[in-house]
Each structure stands twice: as structure tokens, then as C-alpha cells.
Amino acid sequence: MNRKVRNRLVTRLGRWGTYLSVATAIAASAHGAERSGGGAYIDFNKNGQMEVYEDSSRPEEARIDDLISRMNLREKVAQMTTLYGFSRILKDEVPTEKWMDRMWIDGIGNIDEQINGNEGWTQNLPDPENDLPWSRHAAALREIQRWFIENTRLGIPVDFTNEGIRGVMHSKTTSFPAELGVASTWNTNLVREIGRVTGREAKALGYTNVYSPVLDVSRDPRWGRIIESYGEDPFLVGELGLQQVLGIQEQGVASTLKHFAVYGVPKGGRDGHARTDPHVTWSEVNNIYLAPFKKAIVQGGAIGVMSSYNDYDGVPVQASKLFLQDILREEWGFEGYVVSDSGAVEFLYEKHRVAPTPKEAIRMSVEAGLNIRTHFTQPEDYANPLLELVESGRISMDTIDSRVADILRVKFRLGLFDDPYRTEDIDTDAVVRSEENMKVAHQASRESIILLKNEGDLLPLEGDYDKVLVTGPMADDQRAWWSRYGSQRIDYVTPLEGLRNYLDGKSEVIHVKGVEAADENWPLSDVYKEPASEEVLAGIEEAVAAARDVDLIIACVGETDAQCRESQSRISLDLPGYQNELLQALKETGKPVVLVFSNGRPLSAQYAVRNFPAIVEMWFPGEDGGDALADVLFGEYNPAGRLPVTVAQSVGQLPYNFPTKPGAQDVDYGQISGSLFPFGHGLSYTDFEYRDLSLSNVEAAVGDDIEVELTIRNTGDRDGDEVAQLYLRDDYSSATTYERRLVGFKRVHIKKGQSVRVSFTLSREHLEFYITGKGWVVEPGGFTLYAGASSGDLRLRERFSIVDEEGTVPEEGEIKENWVDPI
């Protein structure tokens with residue numbers, strides 16, 4: 001193909017929800033064919049004439065129909081298959097002669113994680129030759145794309161997929177905090193920018209589809225993948241997820257949502273091979289677990305969905321027409337393609353046992369609505385049985401055509417038939433890790449840090465410290481924050497390194513690790529812990545000895561990626577290993593201690609919270625986490641992170657989360673009541689006053705908007721951010737609703753001594769509630785609106801009513817005295 005004669009025209013059309021970037025182009029033919037009238041095009045089927053599917057001026061559906069009519073069965077089946085990239089399944093970084101003898105000579109639906117530099121769970125995967133420099137990777141993917149266009153009969157381009165929940169999963173890309181950390185920013189504008197950076201770098205590297213965001217509402221902190229979520233509240237998860245989708249797809253890259261549906265609530269929080277049996281009602285499924293996906297698709301126009309491993313009410317989601325067609329396509333209007341989580345199809349046979357044979361599992365999945373199967377096996381393992389199912393008549397050609405049409409629709413919307421080599425016009429090495437992108441990451445790291453406790457205003461640290469001890473297992477562990485789903489082969493700035501950078505020339509920084517994050521018997525030690533060994537005691541004594549000669553101790557404790565990630569759930573929420581023993585010994589020195597939590601789940605660290613006056617939470621941060629921590633501890637940055645999850649007093653309280661039904665978490669005299677820290681909690685180095693909550697109307701009809709305003713004043717002596725939070729209670733309803741629901745939040749910067757007026761709009765979306773048998777309803781009656789700094793720190797309250805069809809307010813009694821009112 002003569003690339004120099006290619007004349008590209010990009011047109012932006014409008015439907016990926018609010019945004020849809022569809023690249024339509026007039027491109028040069030791989031074989032020099034010209035359309036009548038002189039315009040260039042790509043002759044995908046290499047017959048010397050422009051077909052409808054090759055014509056960028058024709059409607060999308062016409063192009064899809066034309067292409068399907070030309071495809072044989074093998075080509076259709078090939079489009080329904082994933083090829084895992086180098087070095088998982090594909091052993092070649094670029095095409096070889098052997099490719100001509102493989103099933104993908106008929107094409108392929110997508111190639112996943114090709115040459116992305118994935119290190120592997122145990123750093124066991126080879127370092128590829130073509131991941132770096134980034135421009136070399138883009139060139140390699142163009143070479144692969146060219147192979148498919150020039151060597152397959154119809155030249156259908158490949159969708160290059162990759163992970164993207166912490167930035168693009170690729171060697172040395174821009175690194176962001178884990179999703180739980182991003183959620184702690186409560187900053188929708190920032191999440192939009194993170195999405196844009198992710199999409200921009202993915203596109204520059206040659207990826208066309210990223211598996212992001214994770215929209216699982218994580219209600220059980222034992223679950224290992226809670227670190228990959230935006231937290232426990234459906235409104236917060238939905239608002240942040242929507243912005244991530246919009247940011248990614250603004251860049252002309254598909255956003256594929258994970259994991260649809262009801263995935264993040266397996267029985268007992270168990271992940272691993274379990275990932276099944278969610279004990280939630282149908283109303284909870286709609287109000288809690290489906291709500292963020294609905295928003296991302298209906299409002300955000302996401303064109304990718306990953307189906308999950310689990311079942312619901314005895315039916316695996318992978319084989320559920322209800323989820324994959326009725327809800328996803330018929331109710332929400334989803335127009336993209338569904339890809340299976342790796343191995344989900346096989347689980348129908350191997351785990352759920354609803355399919356008596358592997359082939360029957362394939363049939364059930366396709367009939368239910370699966371478009372592309374993904375697994376760490378050879379693509380022929382799926383393609384050949386699927387081919388046989390169609391040839392034997394057990395799957396109709398109409399079903400296959402429908403599934404393939406969805407796949408092709410995404411490829412057309414991505415512009416792959418008009419500009420398949422789009423990275424030729426991108427300076428990839430200037431885009432990835434650009435100064436602009438790194439500024440977004442820098443902001444995210446600082447905004448994600450939460451000040452949990454600050455008795456006596458120990459923080460920010462001021463004055464002179466001749467010697468500072470940095471101790472604990474999280475102080476200097478380069479692998480602690482690594483993620484299989486994040487940037488690869490990067491060097492993290494650890495807390496020790498960040499503090500040494502900041503205190504260089506000011507204080508002597510001493511480092512003693514003390515103990516490991518988890519002892520050698522973990523996870524058994526979460527149940528029964530043996531007395532500390534001589535080696536453990538020696539490590540603690542070394543830290544204590546160092547502490548005797550310092551002015552300040554900064555103790556960094558928590559969990560590493562090895563204790564909180566996919567397939568690493570826990571049965572305890574305490575600090576693992578002998579970290580409590582280290583903290584007890586440090587406490588006895590009498591030296592001031594600042595406690596830094598870095599962990600993947602909210603920990604019920606009772607000893608730590610009860611015995612140390614200053615605590616910050618930093619989760620798993622991005623690449624410069626240590627520098628961000630130093631900025632917060634020493635007052636260069638005023639923290640304003642807020643908890644996206646409830647921190648329970650004990651694992652025995654679970655489930656204990658927000659929102660909750662009336663009475664479900666009330667006082668029980670045989671148990672400890674209340675949380676360690678409530679949902680939405682976070683402190684600042686300054687103080688804020690709330691006043692003047694006003695509503696545009698106190699009586700409204702169903703469907704009317706209500707404008708809400710309030711004033712926040714910074715009464716302290718530092719500039720800072722405040723996260724204003726709105727909570728709503730439906731006072732009386734025909735079905736039990738939640739005590740309060742989050743319906744709005746804004747992160748605002750306020751200078752010391754100044755006030756800002758913060759506004760919100762309440763619409764039907766914020767008032768409606770799903771009731772089984774009725775669907776989504778807004779019932780006339782009274783509502784109470786609260787405003788404050790967290791779900792446990794509500795400072796203002798106003799009531800309003802929704803009138804019935806006659807314009808009257810239904811009669812309701814006074815709020816019962818036993819109702820717990822936070823004000």
C-alpha cells in the first residue's frame with residue numbers, strides 16, 4: 001500500500017451517548033484502486049472496485065449488511081474470537097509466515113494485550129522487543145493490521161484491545177492511582193481527564209479499545225478486587241464511571257465496561273475460582289449493581305461490555321439472555337459488542353455445570369448474547385466448535401449474523417475501515433507520558449490521599465526534625481503498588497524515596513523496615529497467628545532501637561498488591577502479619593508517630609485508629625505516590641480526599657456499608673455499632689462552614705427539576721478543597737428504600753476566609769427508585785434533603801414534596817421518633 005497518497009478526512013458524528021467519535025476517511029487503496037470520480041479508498045477485498053462496505057460515504061448499517069453478505073461462515077466465526085497477544089498465546093510480536101496456516105487467516109475479532117509489556121503476576125513474562133520505544137509499538141501494531149488487511153480475503157481490520165483502569169496497561173505509560181484511589185478524589189472533572197489521557201495514550205500506541213472502567217459496586221471489603229472499583233455507592237460509581245467513559249471515547253477509542261453484571265458481591269467476598277452466588281435481591285440488582293452500567297451506556301454511549309463470571313439466581317450471566325439482551329440491548333439500547341471475561345464461557349461447563357459439554361457452553365453463550373469469546377487458550381479451541389455448532393444447525397445463521405454485526409459496528413465506529421493505520425499521523429513518543437498527561441497523574445495522586453484523623457493538629461508537620469524514622473512494610477516496597485492492570489515496568493516513588501526527596505538537606509531520614517506486610521503463614525495467620533518468631537522480633541527491635549534516637553516516626557503499614565488484588569480476597573480486615581506488633585512497640589517509645597495506610601481495601605485497624613493521633617490513607621497510588629505523600633504530610637498540599645467506602649469496626653459487622661435500609665445497621669446491644677469511619681469521610685488542614693441551603697421549589701411534580709444551592713465558607717487559615725455532599729431520604733414509600741442516598745457531590749476550591757455558592761440540580765434520576773413489580777418510580781410524598789461533609793457529618797436539611805397527578809401532597813405522618821436523624 002502506498003501510504004503517501006492517502007488523503008484522510010475525519011468526521012465527528014454524534015452518538016456515543018453525549019460523544020461519539022466516528023472516524024470516517026477517504027483512504028488510499030492497498031492496491032491503488034480508485035472510486036469513480038477520483039476519490040481514494042481502501043480495497044479491502046482486493047477486487048479492484050469499491051464495495052459498499054469500503055465506501056465511507058455510505059450509512060453505517062448499509063456497510064455492515066454489505067460486509068456480512070460477503071462473509072463465509074469461517075470468517076464470521078473468526079470475528080467472534082479473541083487472540084490473546086504476545087506472550088500469553090501469540091508467540092510472535094509481528095506477523096510471520098506461520099500466520100498463513102492459522103485460523104486467523106480468516107480474520108479475528110480482536111487481539112488482546114499485544115506486546116504491552118505485561119510483567120505477569122510473578123514477573124514471569126518476557127520483556128518484549130516492540131513495547132518500547134512507544135513509536136515502535138505503534139509501528140508493530142500497524143504491521144499486524146496491514147497483515148490482516150492484505151492477507152485475509154475481506155481485509156477486515158482488527159480491534160486491538162487492552163486494559164485501562166489505571167492508565168493504559170503498557171510499559172512506562174502514565175500511571176494513575178487504582179480506581180479506589182481515583183474515587184477518593186470525588187472529582188468528576190479529574191476523572192474525565194484521566195479518561196482522556198487513557199484514551200489518548202491508547203490511541204497513540206495503536207490500541208483501539210480499552211477495558212475500562214470497572215463499574216462493579218463493591219459492597220464487601222473482603223473482596224480482592226475492591227481496589228479496582230470506585231467504591232460501594234452506586235451514584236458515586238456511576239458519576240465517576242460516566243466521566244471515564246466519556247473521556248476515553250472522546251479520543252476515538254472504545255470503552256469496554258467491566259464486569260457485567262452483579263460481579264463484585266460474591267458470597268463471603270470470595271474471589272479466586274469462586275466469583276459466584278451473589279446474595280442480593282432483584283431490587284438491589286437494579287438500584288445498586290446495574291445503575292452505574294446503565295448510566296455509562298445510556299448517558300455515556302459506551303460501546304463495549306465485558307460479561308462476568310458469576311451467576312444470578314441460578315443463571316450464569318454468561319448464559320443469561322435477560323442480562324445480555326433484554327436489559328443491555330432492548331432496555332438500554334446498547335449498540336456495541338459483548339466480550340467474555342477470560343474463561344467465562346468455559347465456566348458454564350467447568351464450574352456452574354449448567355452446560356453438560358464444553359460445546360454446549362459455547363452454544364448457550366452465543367444464544368444468550370455473547371459476541372466475542374476471550375480466554376488464555378488457542379483461538380481454534382473456540383472457533384472450531386462454534387463452526388460445528390452452526391454447521392449442525394444448533395446455532396442459526398441469523399444469530400451468528402446478528403452477533404457479527406455488533407462487532408463490525410464497533411469497528412466501523414472506531415473508523416477502522418476508513419483509517420486503519422491512524423497512528424502513522426501521531427507522534428506517539430510525544431503523546432505517551434507527555435508533560436500534560438503527567439500533570440493529570442500528579443494531580444490524581446495528591447487528590448486521592450485522605451486525612452482520616454488529625455487529633456491535636458499534628459499534621460501538617462511543621463518545625464525542625466533532625467532525624468526522622470520511616471518504617472513499616474509499605475515504606476520502600478517497589479512491588480507493593482504494582483498492578484497487573486496498570487502501567488508496566490515503571491519505578492514507583494515509594495514513601496521513603498518521596499520523604500527523602502522532600503527532606504533532603506533538612507532532616508536525616510533513617511529507614512528500618514521492621515516487619516513484612518504479611519508473615520510466612522499468611523493467609524492462615526488471618527485466622528490463627530503464631531507467636532512472633534525470633535526473626536520477626538528482631539526486626540521490630542531494630543525499628544524500636546532506631547526510633548529511640550529520632551524526633552519523628554512515619555510508619556507506613558497496610559497491604560501490598562499480593563494481599564489485595566484479583567483472586568486475593570481476605571477473611572480479616574485487620575493489618576496482616578505482625579504489623580500491629582510493630583505499631584505497639586513504636587507506640588511504647590513515646591515518640592510522635594504519623595501513621596500512613598497504604599492498602600487495597602478499608603481495614604478495621606482498631607489498634608492503629610485508637611492509638612495514633614494522625615492517620616492518612618493513600619490506597620495504591622500512581623507512580624509518584626511517595627512524592628504526593630510528602631507534599632501532604634508537610635503541608636505543601638492540603639488533603640481533601642474522601643472515603644468512597646465505609647470503614648467497618650470489624651469484619652464481623654459485614655455487610656456494613658452505604659447506602660443501607662432503615663434499621664439494617666442500627667444499634668444492637670450485643671454488638672459494636674457504627675463505623676470506624678463513615679462513607680464520604682475525610683478531613684482537611686482548614687475548616688469549612690455550611691449555611692443557607694435553599695431549594696428552587698418545595699413542591700414539584702414528577703419530572704420537574706429542583707435547583708439546590710448552599711454556601712460553604714472557609715473559616716480556617718489555609719486555602720483548601722471541600723467536597724460538598726448531598727443526601728436524600730424518601731420519607732415514606734410503598735416499598736422500603738434506603739435511609740439516605742447520595743444524590744450529588746462537588747469538589748470545590750475555597751480560599752481562606754472566602755465563601756462560595758455551590759449549586760446542584762435534582763432531577764427524576766435522583767428521585768426514582770426501582771421497586772420489584774413496578775419498575776422505576778417516583779412516588780408522590782415528602783423527601784428530606786441533607787447537605788454536609790460526609791454521610792456521618794450532615795449539617796443542613798430541607799424538606800420538599802412531590803405532588804400527585806391532582807397537584808396535591810399525599811398525607812403523611814410526622815417522622816417517627818425512632819428514626820435516626822443525623823442532624
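Me: Happy to start with two tryptophans: are W99 and W147 buried or exposed?

Reply: Both W99 and W147 are buried. Buried means under 20% relative accessible area, exposed over 50%, and partly exposed in between, with a 1.4 Å probe and protein chains only. A word on the ground rules: this is a predicted model, where local features need pLDDT of at least 70 and side-chain atom pairs count only at pLDDT 80 or more, while totals for chains, interfaces and linings use all residues. Residues are numbered from 1 along each chain as its sequence is written, and side-chain values use heavy atoms, with hydrogens and water left out.

Me: What makes W99 and W147 an edge-to-face aromatic pair?

Reply: Rings of Phe, Tyr and Trp (its six-membered ring) pair if their centres lie within 6.5 Å; planes under 30 degrees apart count as stacked, over 60 as edge-to-face and the rest as tilted. For W99 and W147 the centres are 5.3 Å apart and the planes make 80°, so the pair is edge-to-face.

Me: And why does the pair F260 and F323 get that label?

Reply: The F260 and F323 centres are 6.1 Å apart with 85° between the planes, so this pair is edge-to-face too. F260 lies in strand β6 and F323 in helix α9, so the pair ties together parts that are 63 residues apart in sequence. Helices (H or I, at least four residues) and strands (E, at least two) are DSSP runs, numbered from the N terminus.

Me: Why is F260 called buried?

Reply: Its relative accessible area is 0%, so F260 counts as buried. F323 is buried as well, at 2%.

Me: How do you know that C556 is in no disulfide?

Reply: A disulfide is a pair of cysteine sulfur atoms within 2.5 Å. The nearest cysteine sulfur to that of C556 belongs to C564 and is 18 Å away, so C556 is in no disulfide. By this rule the count comes to 0 disulfides.

Me: Why do β19 and β22 count as edge strands?

Reply: Two strands pair if DSSP finds at least two bridges between them. The open sheet runs in the order β19-β27-β26-β21-β22, with mixed pairing. β19 and β22 each have a single partner strand, so one side of each is left without a neighbour in the sheet.
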